[in-house]
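Biologist: I'd like to learn how to read charged contacts and ring contacts in a model. Can you walk me through them?

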Amino acid sequence: YNNNGVTIEQYSVVRSAGGAITIDGAAAGTVSSGPGDNPAVLVSGSIMASSSHDTGLVTITGATTGGSYGVSVDSTGAIYSGSRDVRLESQAVDGGVHVAGAVQAANLTVSGPLTLTNNPVLKARGAAQFDDITGIEGSGVSVIAGSISAVNISTLPPFNYDYDISGAAFGPTGAISLTANAGSITTGNLTTSLANPAESFHASGAIMLKALDDVSSGVIDTRIVSTSSNGYTENTVTGNAGAVRVVAQRGAIATENISTSSMTSQYQAGRGGDVFMTAGTGISTGAIVTSSEAAGVDASSTVGGGNVNLYANGGNVATGAIDTGSRLLTGYLVSSAGDAGAVILRAAEDVTVSGNITAASVNSNATSGSAGEVSLYALGGGLAVTGTIDATSTTGSGGNVTLFSIGNASVVGTTVIASSDPAGLITSDASIPGQITIVGNGDEYDSRVNLSGLAPNGDYIWKDAGSIAVMTPISGARNVILSAGSNIDNDGLSPISSS
């Protein structure tokens with residue numbers, strides 16, 4: 001029928017009261033405008049297998065040789081099999097499985113690449129297993145199941161290839177939402193990033209992962225990047241990057257690098273997306289970048305960096321470098337840089353950041369916003385930052401920095417919080433300092449804090465139930481407060497002074 005192997009037409013119903021349903025179609029799959037032209041199996045009607053008295057599968061297999069989908073459930077189609085397992089399999093040479101309608105199953109397995117349109121919600125009471133998933137034409141990816149596993153998941157915007165910039169994105173990307181009510185989520189890379197949006201304010205999709213147990217993923221990417229080879233794009237405002245929210249109620253979270261930044265080479269950069277995570281037994285991530293940056297001859301302003309909030313109710317928090325900065329660099333259409341995002345990490349045990357923490361607001365030519373707060377809490381263990389902490393602002397308020405640990409803590413690089421004007425370009429705006437607070441229970445803090453040359457500065461507060469050992473100079477602070485349970489020592493080479 002219409003060059004398809006099997007077609008279930010709209011308003012038609014295939015129903016099983018107890019036995020299995022097997023649909024096997026083959027077709028040439030000739031493509032004229034897209035892979036949806038002539039799928040081997042086209043489901044425009046309904047497939048219903050709701051009886052709980054039989055364990056027969058619902059199996060739909062399609063094979064094509066010409067590039068069309070092997071199986072396509074279009075926007076009027078549906079598969080309702082709440083008590084039976086459903087398997088959708090594509091044996092197409094180039095195409096995979098396409099779903100635009102509703103799919104409900106006891107357990108759901110999709111074999112072959114899955115393409116989604118029309119924002120369908122895929123539901124399974126048990127396990128949902130996928131290869132690659134792609135939401136196209138602005139469609140999101142939404143799965144609700146007991147447990148979820150997938151290879152890579154991405155969403156793509158609508159494209160207009162006749163636009164001035166070939167292949168420019170003509171709309172936002174869809175969101176990714178995965179909910180595992182009874183188990184874990186395991187995926188590869190998750191991407192809703194948006195490049196060269198053709199109009200202002202187009203945003204990238206948010207990513208939300210929620211599981212009862214563990215959540216594990218590869219790279220998470222909701223970046224918006226606006227550049228062009230011919231030196232201009234049609235948009236004047238880059239949209240906001242999608243937020244990332246990950247919850248593992250009683251398990252752990254493990255991801256690779258996370259990027260929710262908004263970047264442009266001209267006009268205004270949007271806001272970086274917030275990153276929020278909470279886990280029952282620990283969090284481990286790669287580098288996290290939520291910055292907002294405009295850099296180029298036509299750069300004008302930034303909205304601001306996104307916040308990073310990671311909470312481990314049990315276990316540790318371990319991340320790579322973190323960048324929540326807001327930066328306006330070069331450019332002559334200069335107005336202002338927005339606020340940097342906050343960095344708040346809290347763990348029941350240790351907190352480790354392998355790299356720098358940058359929560360600075362920087363403007364190379366005009367006014368900047370406020371720097372972000374940096375607060376690290378190791379409630380039952382030690383704290384270590386292998387790089388620097390930068391919570392400075394060119395002309396705005398410096399961010400408060402709080403380091404709290406029960407065990408030892410170290411910040412290898414310089415910790416800077418004061419507002420500053422190192423280039424001497426800005427003289428009219430008053431600098432408002434931040435405050436450093438260090439609270440601990442060990443005698444091996446290596447603070448490496450140096451505020452010299454930055455004035456007026458904030459307070460430097462270090463409280464420790466054990467001893468305090470000052471290994472590097474503390475200078476430039478307005479007030480210095482050291483409070484220890486036993487000894488306060490310096491090495492004789494590290495003066496302590498205040499303004």
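Biologist: Is Glu89 buried or partly exposed?

Modeller: Glu89 counts as buried, at 19% relative accessibility. Buried means under 20% relative accessible area, exposed over 50%, and partly exposed in between (1.4 Å probe, protein chains only). This is a predicted model, where local features need pLDDT of at least 70 and side-chain atom pairs count only at pLDDT 80 or more, while totals for chains, interfaces and linings use all residues. Residues are numbered from 1 along each chain as its sequence is written, and side-chain values use heavy atoms, leaving out hydrogens and water.

Biologist: Which residue forms a salt bridge with Glu89?

Modeller: Side chains of opposite charge can pair when their charged atoms come close. The cut-off for a salt bridge is a side-chain nitrogen of Lys or Arg within 4 Å of a carboxyl oxygen of Asp or Glu. Glu89 pairs with Arg87, with the closest N and O atoms 3.4 Å apart; Arg87 is partly exposed at 30%.

Biologist: How many salt bridges are there?

Modeller: The count is 6. Among them is Asp221 with Arg223, at 2.8 Å from N to O; Asp221 is buried at 8%, and Arg223 partly exposed at 35%.

Biologist: And how do I read the rings?

Modeller: A ring pair is described by the distance of the centres and the angle of the planes. Rings of Phe, Tyr and Trp (its six-membered ring) pair with centres within 6.5 Å; planes under 30 degrees apart are stacked, over 60 edge-to-face, the rest tilted. The search finds 2 aromatic pairs here. One of them, Tyr377 with Phe404, is tilted, at 6.3 Å and 45°.
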